[in-house]
Amino acid sequence: LLVSKELGKHLLEVEDLLQKQGLLEADISAQTERVQALNAAALKFSELEGYQPCDPQIICNRVNHVQTCLEELGELARKRRKELEDSRQLWAFFQEMEEAEAWIREKEQILATKTFGRDLSSVLTLTTKHKTMLGELGSRRALLHQTMKKGDQLVAKKRLVAGGIQEKMREVRLQWKKLEEVMGLHQQRLQEALNFFQFSAEMDDLVAWLQDMYRIVSSDDFGHDDYSSQGLLKKHRAVVSQLEKQRASVVALRKQVALLAPEHGQGVDVQIRVVEVEQLYGEVAEVAVMRQQWLQDALAVYRMFSEVHACEVWLDEKEQWLEKMEVPEELDDIEVVQHRFESLDQEMNSVMGRILDVNQVVQQLVDGGHPSSDEVRSCQDHLNSRWNRVVELVELKKTQLSSILKIQNYLLE
């Protein structure tokens, strides 16, 4: 049993042989106690004085022979156990290598059947799973490293056939290297897909924002008075500022597309979408410019109406005063009226400047094709007519006053 060359053909068989070896060693241990007791009893016969049933030398030789056989048996047992232990290490190594190969094949099959996602959410989910697999790869790499060290130790012992060990280690290293390459390629493809879907999501957000901006800048609300128009213009300028800040994002789209993987960035759909976003931005910017001009025109109109109203209030007041005024005949009263007309001339110069400003604003609005040009022109004509009426009344009263003043001076002379 102890000189058997059967060392097992797999780990389970070696474990079975080791169990049998343990039983055999237990028997040897039990027989060792028995042999020692028998040897001690036999040696007593070699020490007898007088009658001796057997030659003491024969007894000693027989005892020594049995002890030597026992020691040889023990040495064979130790050698057999060592060989079995080595065999167990060998087959444990091969089993660990087979488990590593099975794990590698499993991961290769998983990677072969994996897609790279259909949208941002699925890509993020796959990326999380891939990170988990990378963690598993790191743990398995550490285990494989330990197994490889065991293989090197087995080769160094030179008591086993090293060719099979080295060949297996070479095969697994190649398989492992291939798996790492596939994992790296898969991670790269996932990152490329992630970049693409993130770019698509950002572009969707940009399109949604531009559509909101288009609804805002295409509003037909220009206010109903000076205050409301001024408030709308202030808000619109803030919108224009935001729009200008987004210009860089729109300009950067083509650069971002160039950084995408060819299968993503060179697609016709992506190129078309970028062009559509650029066109949409251009339309929003163009409408924003138009709305700003319209708001400024509306503000100008409302300010003009306010100015016209103020001028007309003054004209109403002066027209009523002039129509009711009677030219006095007394010299002292004439001088008082003259002073009033001198003050009136100063006021008229001021009002005339305001009316000229109104006329200039009206001309600009009309030349710019303002939609309320007819209304503005009518308002201008009415104001100018009122102004001319007041000027005529002033001239009339001045003429009357001058005539009376000449008569009074003539009478005084």
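## Overall dimensions

The chain has a radius of gyration of 57 Å, whereas a compact globule of 413 residues would have one near 22 Å; the radius is taken over C-alpha atoms, and the globule rule is 2.2 Å times the number of residues to the power 0.38. Along its principal axes, the C-alpha trace spans about 205 × 50 × 25 Å.

This is a predicted model, in which local features need pLDDT of at least 70 and side-chain atom pairs count only at pLDDT 80 or more, while totals for chains, interfaces and linings use all residues. Residues are numbered from 1 along each chain as its sequence is written, and side-chain values use heavy atoms, with hydrogens and water left out.

## Secondary structure and contacts

The chain contains eleven helices and zero strands; helices (H or I, at least four residues) and strands (E, at least two) are DSSP runs, numbered from the N terminus. Among contacts (heavy atoms within 4.5 Å) with a separation of 6 or more, 81% join residues 24 or more positions apart.

## Burial and surface

Of the 413 residues, 33% are buried, that is, under 20% relative accessible area (1.4 Å probe, protein chains only).

His 130 lies in helix H3, which covers residues 120-157. This histidine is buried, at a relative accessible area of 3%. Leaving aside residues up to four places away in sequence, His 130 touches Lys 114, Met 183, His 186, Gln 187 and Leu 190.

Technical notes
Buried means under 20% relative accessible area, exposed over 50%, partly exposed in between (1.4 Å probe, protein chains only).
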